[in-house]
Every structure is written in C-alpha cells, then in structure tokens.
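Q: I am new to this structure. Please take a close look at a single part, the surroundings of the ligand, and then show what else lies around that chain.

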Amino acid sequence: MENTVVKIENLVKRYGELIALDHFSLEIKEGEIFGLLGPNGSGKTTTINCLLSLLSYDKGNIELFGKKMTPVSYDIKKDIGVIMQNVAVLNELTVYENIDYFCGLYISDKALRKKYVEEAVEFAGLGDFVKFYPKKLSGGLLRRLNIACGIAHKPKLIILDEPTVAVDPQSRNRILEGIEELNRAGATVIYTSHYMEEVEQLCTRIAIMDKGRKIAEGTKEELKRMIRNTETVTIEIIELPEEVRAQIASLPHVYSAEHDGERLVICCSGGKHNLIRILDVLQSRDLGFGRVYTELPTLNDVFLEITGKALRDKED
Amino acid sequence: MQVFNAFLKVLKKRSLSAMIYIAVFLGIAIPMASSSNATEAMKLTSLDICVFDEDGTDASRELISLLAENNKIVTLENDRDVMTDALYYEWIDYALIIDKGYAEKLAAGETNDLFRSYHMHDSYSVVYVTNLLSEYTSTVKAFMTSGNSFSDALSKTADALSTDTEVTMKSFSSGGGLKDIVGFYYRYLPYILVSVILGTLCPVIVTMNSRDLRFRTSCSSIRSASYTMQLFLGSAIFVFAVLALFTVVGIVLNGGINGDMLLAVANSIIFSLVVTALTVFVSGFEIGPNIQALITQIASLGMSFLCGVFVPQSMLGGGVLAAARFLPMYWYTVLNDMLMGDTRFDAGKAALCLAVEAAFAVMLVVLTVLVRRQSSGKNAPRQKKAEPAAA
Ligand SMILES: Nc1ncnc2c1ncn2[C@@H]1O[C@H](COP(=O)(O)OP(=O)(O)O)[C@@H](O)[C@H]1O
Ligand SMILES: [Mg+2]
C-alpha cells in the first residue's frame, strides 16, 4: 500500500573523465525520512541535481510520484520542496520577502500564500527577523531561511541537501526537529549529509554512498548488523609486548587487536565476558593500563568496514 | 509576475548610484540651459568690417576679398572721426586701414606694420579676424620663403586660408538645429547612459541569474522561458524609463522637437540599445560586484575619453580615433558632433552612424547567444539542455 515516491534506476553521471554516479539506484516510499550518507565528493549533490533534472545524465531512469521526471515536468515540480546545499536567497530581499518570493513560485493565490509564508516563518523560528536582510543573519538563521523558502508551499516531497553545514548546535537541533515535524505532517523527506550522527538520529532508512556508488542500504539497525564487530574496546596502554597482543587477538569473539603505541583497540562480536577476559590477560602479565572504554558500532564503523576508510573527513 | 516583482525590488535596492548619476547630470544640465547665453560668445558671426585701402594694389584688394568671404565689407568716408563714431555706435564691428606700401612691404617679406585695425568689443569673431590677418601675412611670407613668387604666394595663401575658413566658418555658423546646451547634453549623455544602465542593470541581472538561484528556481513550477521573459521585461522597463526621462528633459531644454532633435533622440535610443545588449552580454558571466563596477568604469570612462565625449574628437590623435572606430560611442559622437554643428552635417553619414551603432547591438546579441550556448554545453544550469540523454 505504500506508494513509491522516488525511483532511481541505474543512474550514470559523468563529469568528463570523472564518473560521479556509477549505476546508482534508489527507491523511496511515501512517508520515509530517507538519509543519503556519504563523505564529501561521494555524489550526493549530483544525485539530487539529477533527480531534479537540473543536470543531464548519461544513463538511467528517474521517476517521481510514479511519473518520469524531465526538466519540463512542472506538475511534479510543484509538489517538491528543495533546500539546496548552497543557500539560494536574494540578498536584496528581506527574510519575509524571500520566503514570499519562493513560495510565490508555486502558490499564486495571495491570501493562501500569506498564510503559508507566515507558517513558514513560524516553523523556522524567524519571527524576530522578518525584516532582516540575509546578509545580517547568522549562519544558522540563514540556513533556516533557506529551509523556510523551500518548504513554505507545503510540498509532498522535501529534499534537503546538507542543510546543517556550518550551523550552530542549537539551530541544528531545531532544524532536525523541524524535519521530523514536517514528516509527521505527511511529507516524504530525502536528507543528505556527511554527518552520520544526524542521519542516525533522523532517518528511517539510509543509503551509504561512496565514489558515486551505493555501498549499503537499510535501516540503521540493518546496516549495523551487516558488520561483524558489534563492540569496540579501547584500552589506553603504552607498553604492550607483542605476544600479549597476539594472545588477546586469539581470545574467543575477538576479530582484531591493534596497538598503536598508545592505545589497544580490540574489535569483538557480541559476548558477555569479552572485557573481563581481556583485562584478565593484562592483569596476569602485570601490565598497567589507563582508561578503558567500549563503544557500540556507529555508521562510521559500517562505512569503515565496507570501504576501509573513515567516513568523516579532516575538516570536521 | 513573481520574478518580475522580485526583479524590481532588487533593482530598487541597486539603483542608488543610478539616481546619483542622473541627479548630478540633470543638476548640471538644467541650470546651464537657463543661462545658456553665456555660450553665445563662442559663436562666430559675420562682422561688419570697414576697410580703408590706402595701398590700392592687387595685393590689398586680394586681402579684402578674403575678408569679404565671411564678413560684410562696409564703405565709409575716409575720416578718422566717422570711423570712431561708427565703431562707437556699433554700425561697424571692425575697422581695418591698409597702409600705403602694404604690397611692397609684404613682398619684401615683412609681416609687421602692414595695416592697422580697430575694434570696440572683444568678441570671438573679432579675435578670429585679427588672427586671420596675422596668419595671412605669415602664410604669404612662408610661401615666398619656400620659393614662390609674390603673386603665387598671394593666390596660394588665399586658397589655403579660404578653404580652411570655409570649413571652420560653416561649422560654427550653421549651428545645427540643436541649441548649444542640448548639443552638450546629448554629448555627455552616452557616458551617463553607460554608467546608469550597465552600472545598475548588470548587478541585478547577475544576481537574478546566478547559478544557485537559477538552479533553485528551476526546481519550481515556473517555466524557464517565463523566468527569462520576466527578467527581460524588467530590464526593458528600466531602460525605457531612463530613456524617457532623458528624452523629455532633452526636448524641454531644446524648447521643442525639430529634425535635429529627432536625430539626437534616435541616436540616444539606438545607443541605449547597444548599452543594454552590452549589459546582457556582460551579465552572462558570473562576475563579482567588484569586477562589475570595474567593467562599468572602463566602459563608461574609457569609451568616453577615447570616443570624444570628454575631449572633442577634433582634438584626439589619429591613432586614438582609428581605434575608437571599433567602439559604438565613437559613432554616437560623430553624429552628435554633426548635430551640434561642430562638423558639417551629412545625412548619409548620419545614417551610417546610426546603422553602425545598431550593428554593434546586433553583434553583442549574437555574441551573447554564442557564449550562452557554449557555456550551457558543460553542465550549466540551462534547463533546456538538461534533457536526459537517454530520453
Ligand atoms: N560541475 C562539476 N564538474 C566537474 N566535477 C564535478 C562537478 N560537480 C561535482 N563534481 C565532482 O563530482 C563528485 C561528486 O560531487 P558531489 O555530488 O558534489 O558530492 P557530494 O555532494 O557528495 O559532496 C566530486 O568528485 C566532485 O568533485
Ligand atoms: Mg554536496
């Protein structure tokens, strides 16, 4: 009974030599908050731009609301709200005028538009700033304006491309809560980000992208189940004889034990006595150690497991 | 008309400098027009000259006939008092006494003490005649020095100075149908048009056409053609309003419409089209505000200097003028100089000027289309090009 809102099949997009999207496929059902997670340059924005027919693509098929999407599919476009990665507002217009301008591209009825614009102002918490010009807004407020401009016309499908980049934590939380609210009101959401915490917190289903390919897809539980280790134990220890490390690595449930001179990082599958067994080994050798902590897997571990590199880039 | 409304709002925000240009220009032009008599002194008018030929030779008669070309020679009694009265009561403007022995002295290569002249008022024309006389004698001497006989020298000098005077005199005396002040008004107008149209419209179009905004707008249900049309409409209305203002002021300054005025207006309209086309062309590149301002300055100031707006074309070097031919403002100024009476009016040349300006506009439009097509080839945000290849 769930309707498919977005269907991407075998999308291939080249920028000259570079293959930005490599046979990328995706299906999103009505009512989902779908997360597109991937490091910078993995092709998230390119996917969105192709989805919206802003870019031509080399191969593939895109359907929205069950209809083929083309640059002239105005009946489809009117049901979509877009929040671009690059803030697109007019600096010469006030906050209110900006929301009114973008809303007016969809809604021509003046009275209805006024109501919608006021609701969007309320939604984004911009009430105190309606007469401000964008240049005067902080990064977080500017992002919220960008969002208000994208959702004012009450679209059925909302696409947000990295809406929280360079945003203070307070604005970020407000944005994430707002998106959940829109979703509860019935909108299907596509959310791209390279922040795994956000995607984990917000999204009902997630696709992980790398180098233009989809490398995993599912709910966050499904994704985490895909990887072998469910627990990472980290022990701060300076001196560690090689045979002790090997002994720990050969313990039951332990996949790997790596020592970098400061820390011993042990990956193991779920089991009740992992930590006790490991600490027993260290104590029997009379080796002193510092802090000990264990972590449950994150999407970063999923990404690491599949691609062999960390999801986060250096600038974060 | 959502885009159109936004366009006007952006335009309003960006029009401060245009307002200043217009206000300063009109603030100078209108007061000048009300005191435009001051410029009368610059006009060369025909003088009433009384000549006493005490020499009575062919040479002296030749000098008189040269003066007679552009002035009225009046005969008076050869009496010192009569002459002074005539000058005093302004029956004559200028009195010239050609002393006995004029021909002999001149033939001997002398240039001083050949004649005496009297006048009461220093008008431009009086100065001109005085200069003409001294130029005459020195030219005769120069021809003789270069080996001509006295009579050859006289006739060659007469030829040289009379052709020269003919052109000069025509240019100043025919005066065109434009009042001087209107001529100057239209002469500086292209500078103002470039500053106002390019300086205002370019930032607005660049803003409205920026890649991010175009992408964002393309996501909405507004048609790409409609978007472009609304931008075009907004630009056209702006240019029209600016032109209408300047034309009305021009007609008022001129005290009505005549043939020359119509040509001046046509000249400004076609030139505005060129500037608008230039604006659209420049706006096709996503350039920052500093570069936009720089381009406006170069186009307005640079063209104005090269093309004879600030410095008359007659004072510019041949090299500069040769280069300026490739700029539309040159042709605007050539036509305006004819209308001002600085150069002789020639209907064919006037038509040529308008045609060349129009050609510049067409060329810029073609160039714009070519550049847009070129850039939309590589993943640019042009909608029509975004058709999926597989479709
Ligand atoms: N207009 C373009 N021309 C050439 N390469 C591009 C262009 N846009 C993006 N790319 C490249 O395509 C890849 C995917 O980019 P993008 O979709 O922006 O990634 P993301 O949004 O995940 O950060 C990157 O390697 C990027 O450098
Ligand atoms: Mg991106």
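A: In this predicted model, a nitrogen atom of ligand 1 sits 3.4 Å from an N or O atom in the side chain of A:Y15. An oxygen atom of ligand 1 is 2.8 Å from a polar backbone atom of A:K44. On its own, ligand 1 exposes 550 Å², and the protein buries 62% of that.

Now the shell. Residues around ligand 1 include A:L18, A:A20, A:P39 and A:N40. A:G41, A:S42, A:G43 and A:T46 are also among them. By type, the shell has 4 nonpolar, 6 polar and 1 charged residues. Both β2 (18-29) and α1 (44-51) of chain A supply at least two residues of this shell. The largest share, 3 residues, is from α1(A).

Next, the contact with chain B. Chain A gives 36 residues to this contact, and chain B gives 30. About 3100 Å² is buried between the two chains, with 61% from carbon and sulfur atoms. There are 2 salt bridges between chain B and chain A. One of these pairs the side chains of A:E97 and B:K9, at 3.9 Å from N to O. Across the interface, 10 residue pairs are in polar contact. On the side of chain B that touches chain A, α1 (2-14), α8 (180-208), α9 (211-218) and α10 (224-254) of chain B each give two or more residues.

Key
Residues are numbered from 1 along each chain as its sequence is written. Chains are lettered from A and ligands numbered from 1 in the order in which they are written. This is a predicted model: local features need pLDDT of at least 70, side-chain atom pairs count only at pLDDT 80 or more; totals for chains, interfaces and linings use all residues. Side-chain values use heavy atoms; hydrogens and water are left out. Contact means heavy atoms within 4.5 Å. Buried area is the accessible area (1.4 Å probe) that two parts lose on being put together, summed over both. A salt bridge is a side-chain nitrogen of Lys or Arg within 4 Å of a carboxyl oxygen of Asp or Glu. A polar contact is a pair of N or O atoms within 3.5 Å; within protein, one must be able to donate a hydrogen and the other to accept it, and residues adjacent in sequence count only if both atoms are side-chain atoms. Helices (H or I, at least four residues) and strands (E, at least two) are DSSP runs, numbered from the N terminus. A residue is near a molecule or strand if one of its heavy atoms lies within 4 Å of it. Accessible areas come from the Shrake-Rupley method with a 1.4 Å probe; for residues, only the protein chains shown count as cover. Ala, Val, Leu, Ile, Met, Phe, Trp, Tyr, Cys and Pro count as nonpolar, Asp, Glu, Lys and Arg as charged, and the others, Gly among them, as polar.
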